[in-house]
Amino acid sequence: SRHTIFLCLRSPLDRAGPASHSMTAGDDEVGCAPVENGQAGRLQAAADSNEVVPLNFRGMEVLAPMVRAGTPALRWECLRYGADLVWGEEIIDRKIIGSLRVENPAFGLVDYVSPRERVCVFSTKPEEKPKLIFQLGTASAALASEAALTVCRDVRGFDINMGCPKSFSVKGGMGAALLEKPEVACDILKTLRRNLPSSCSLTCKIRMLSSTEKTRDFMRMCEASGAEAITVHMRRREERPAEPAHWDEIVRLWDAVKVPVIANGDFFTRRQIDEYWKHIKKAIPQPGAEEGDEVNRHAGPVAVMVARGALWNPSIFCRTGEPPPFEEVVRKYTQAAVAANATFQNCKWVLSQVMAGGIGVTTPSTFGGVPMKTFNRQVSGARTMGAICELLGVPHQAADWPAKAHMTTFYRDGAGKAAFEAAGGGIEIADTGPNGEGDDEPAAAAPATDGGVDGGAAKRARLAA
């Protein structure tokens, strides 16, 4: 049968209320036509039947992990427009270990909540699982394993961040610091592959090292340690986002390994992505169908990972047809943010990035007839989700949503408090060390209480002792 690459993610609130949000890609909702992709259809069918299907990345276009941006609303919108997989924002191992799994029936979500701050650390919904990759920031095989086992029931796979050059990651031995510590990176991957269920994929995201051969050697180490795919950000650790990515280098790297290689860097527009695919087809002979699935799966860099281009305009994943109007993209994102119980602060930040645009992405001069700079200031000044929706012309009634919805206090003194406490929240637990976010606040720990694999056995044993 022929399938399309769009997921249909709906919660109970999606079926009622003015702010309902559907991820079904109907022609009346998305200007571009859905792209048929048998792999995506197989993933969804496998999820429905609990079958484990290995990811075949060939031809995929996926959303990159982005701090603050890779939250549910943007992920869902990218999937609705055609992304094959979505990476969540990087979350530090100790932060997820110390979180409590809470079912949020009001929004149809599964939230991982910090018992100390009572804020949501990670959020998803069950229907997203077949396409969701959890990116983990870690410098410890033991902590990585405990963190992954905590959340593995709710995601398709895990990706280890080995490329982030930001100081908080590097100082903690995470991100790009692992490029200089291959033995640690190797231990993390081997431990995760040994401990994770076979249903969870394991990948890693790296940057280029100082030479092509060093990068190839590191990729081979990752493959030998259990990585099922490797994303290469085509910049070196010291290179900043304003410096152009080295597209030609991927041609010299992909055949270092047999696992799929995903290219990342400077995919800002649909035209750039299309030009990249043409570049690869010219530079690397493409296998024919008669050469078998294994050859087709591994020959050449098989997929692209899109970061800022998707943040500026999630409809970048529309591969055919006319892209939707800019104002429609903005309003659809806002509807998704409302449906995902996003905080109004995070919604404002994402909207500010969308409305500002970036390299090669020019936004309209007005929004709803208001000069864009003026409109952006108005959105920036909004203090509730309702105020944001009013400015954008998105229907919203606060009475349709639980108390303190779209606020950071939802689990502290809002409607989520009861669910949090029912799941075992409110228990005082000893500090377990820094949370890996560059501050001095320790991460709290609490066991999951809803059965299944919770990854907290070791921690509970220490606490009991």
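Me: How far is the sulfur of C222 from the closest cysteine sulfur, and which residue holds that sulfur?

Reply: A disulfide needs a pair of cysteine sulfur atoms within 2.5 Å. In this predicted model, the sulfur of C222 lies 3.7 Å from the sulfur of C204, its closest cysteine sulfur, which is too far for a bond.

Me: Is C222 buried or exposed?

Reply: C222 is buried, and its relative accessible area is 0%.

Me: How many disulfides does a search of the whole structure find?

Reply: The search finds zero disulfides.

Me: Turning to helices, what describes two packed helices?

Reply: The description uses the angle between their axes and the distance between the axes. Here, helix α2 (residues 72-81) and helix α12 (residues 326-339) have axes that come within 8 Å and cross at roughly 130°.

Me: How should I read that angle?

Reply: Angles over 145 degrees count as roughly antiparallel, and 65 to 115 as roughly perpendicular. The angle here is roughly 130°, so α2 and α12 are oblique to each other. The crossing of α2 past α12 is right-handed.

Me: Which residues of α2 and α12 meet?

Reply: From α2 come A73, L74, W76, E77, R80 and Y81; from α12 come V329, K332, Y333, A336, A337 and A339. By class, the residues of this contact are nine nonpolar and three charged, with no polar ones.

Methods:
Residues numbered from 1 in each chain as written. Predicted model: local features only at pLDDT ≥ 70, side-chain atom pairs only at ≥ 80, totals over all residues. Heavy atoms only, no water. Axes fitted to C-alpha atoms, helices over the stretch in contact; angles between N-to-C directions. Helix = DSSP H or I, 4+ residues; strand = E, 2+ residues; numbered from the N terminus. Parallel < 35°, antiparallel > 145°, perpendicular 65-115°, else oblique. Left-handed = near helix turned anticlockwise from the far one by under 90°. Contact = heavy atoms within 4.5 Å. Nonpolar A, V, L, I, M, F, W, Y, C, P; charged D, E, K, R; others polar. Buried < 20%, exposed > 50% of the residue type's maximum accessible area, 1.4 Å probe, protein only.
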